Amino acid sequence: VNAQCSLGVLYCKGEGVPQNYEKGAAWYRKAAEQGLAMAQFNLGRMYRRGQGVEVDVQEALRWYRKAAAQGEPGALECVAELESIESLWGD
């Protein structure tokens, strides 16, 4: 699982392989679906930014929440920020 997440990092950064956000997202998803908090956080960030996937704030929030539930640094802040934005827009 950690290796899958590491491949996601390599593809997103273009380290040792051509940069490819789609492949990076795919590798993050594999690890995230197996419960790796760092991969869940990174996948959430990709959905938020639209890197390798379509921008989808709800999907980003879903992955951030999973990562936050495991104590991933930064995930709680992202959840709070996105929930605050949702409340302002009445989503």
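# Exercises on a predicted helical model

The largest nonpolar core has 23 residues, and Leu43 and Tyr64 have the most contacts inside it. The model is predicted.

## Exercise 1: The core

Find which elements give two or more residues to the core, and which element gives the most.

Solution. 
- Step 1. Start with the elements that give two or more residues: α1 (2-13), α2 (21-33), α3, α4 and α5.
- Step 2. Pick the leading contributor. Helix α4 gives the most, with six residues.
- Step 3. Look at Leu43. Setting aside residues up to four places away in sequence, Leu43 touches Ala25, Tyr28, Arg29, Ala32 and Trp63.

## Exercise 2: Two packed helices

Describe how α4 and α5 pack: state the angle and how far apart their axes are.

Solution. 
- Step 1. Packed helices are described by the angle between their axes and the distance between the axes.
- Step 2. Read them off. The angle between α4 and α5 is about 145°, and their axes are 8 Å apart.
- Step 3. The crossing of α4 and α5 is left-handed.
- Step 4. List the α4 side of the contact: Val57, Gln58, Ala60, Leu61, Tyr64, Arg65, Ala67 and Ala68.
- Step 5. List the α5 side: Ala75, Leu76, Cys78, Val79, Leu82, Glu83 and Glu86.

## Exercise 3: Salt bridges between helices

The structure holds three salt bridges. Take the pairs Glu81 with Arg48 and Arg65 with Glu83. Which helices does each pair link?

Solution. 
- Step 1. Side chains of opposite charge can pair when their charged atoms come close.
- Step 2. Check the pair Glu81 and Arg48. Their side chains meet at 2.6 Å, N to O. A salt bridge needs the nitrogen within 4 Å of the carboxyl oxygen, so this pair qualifies.
- Step 3. Glu81 is in helix α5 (residues 75-89) and Arg48 is in helix α3 (residues 37-49), 33 residues apart. The pair links distant parts of the chain.
- Step 4. Glu81 is at 40% and counts as partly exposed. Arg48 is at 26% and also counts as partly exposed.
- Step 5. Check Arg65 and Glu83. Their closest N and O atoms are 2.7 Å apart.
- Step 6. Arg65 is in helix α4 and Glu83 is in helix α5, 18 residues apart. This pair too links distant parts of the chain.
- Step 7. Arg65 is partly exposed at 39%. Glu83 is partly exposed at 34%.

## Exercise 4: Glu59 and its surroundings

Is Glu59 buried or exposed? Which residues does the side chain of Glu59 meet in a salt bridge and in a polar contact?

Solution. 
- Step 1. Apply the cut-off. Buried means under 20% relative accessible area. Glu59 has 18%, so Glu59 is buried.
- Step 2. Find the salt bridge. The side chains of Glu59 and Arg62 meet at 2.9 Å, N to O.
- Step 3. Compare positions. Both residues lie in helix α4 (residues 57-69), three residues apart, about one turn of the helix.
- Step 4. Classify the partner. Arg62 is partly exposed, with a relative accessible area of 36%.
- Step 5. Find the polar contact. The side chain of Glu59 makes one with the side chain of Trp63, at 3.0 Å.
- Step 6. Go further along the chain. Leaving aside neighbours within four places in sequence, Glu59 is in contact with Arg29 and Tyr47.

How values were computed. Residues numbered from 1 in each chain as written. Predicted model: local features only at pLDDT ≥ 70, side-chain atom pairs only at ≥ 80, totals over all residues. Heavy atoms only, no water. Helix = DSSP H or I, 4+ residues; strand = E, 2+ residues; numbered from the N terminus. Buried < 20%, exposed > 50% of the residue type's maximum accessible area, 1.4 Å probe, protein only. Core = buried A, V, L, I, M, F, W, Y, C linked by side-chain atoms within 4.5 Å. Contact = heavy atoms within 4.5 Å. Polar contact = N/O pair within 3.5 Å; in protein donor to acceptor, adjacent residues only side chain to side chain. Axes fitted to C-alpha atoms, helices over the stretch in contact; angles between N-to-C directions. Left-handed = near helix turned anticlockwise from the far one by under 90°.
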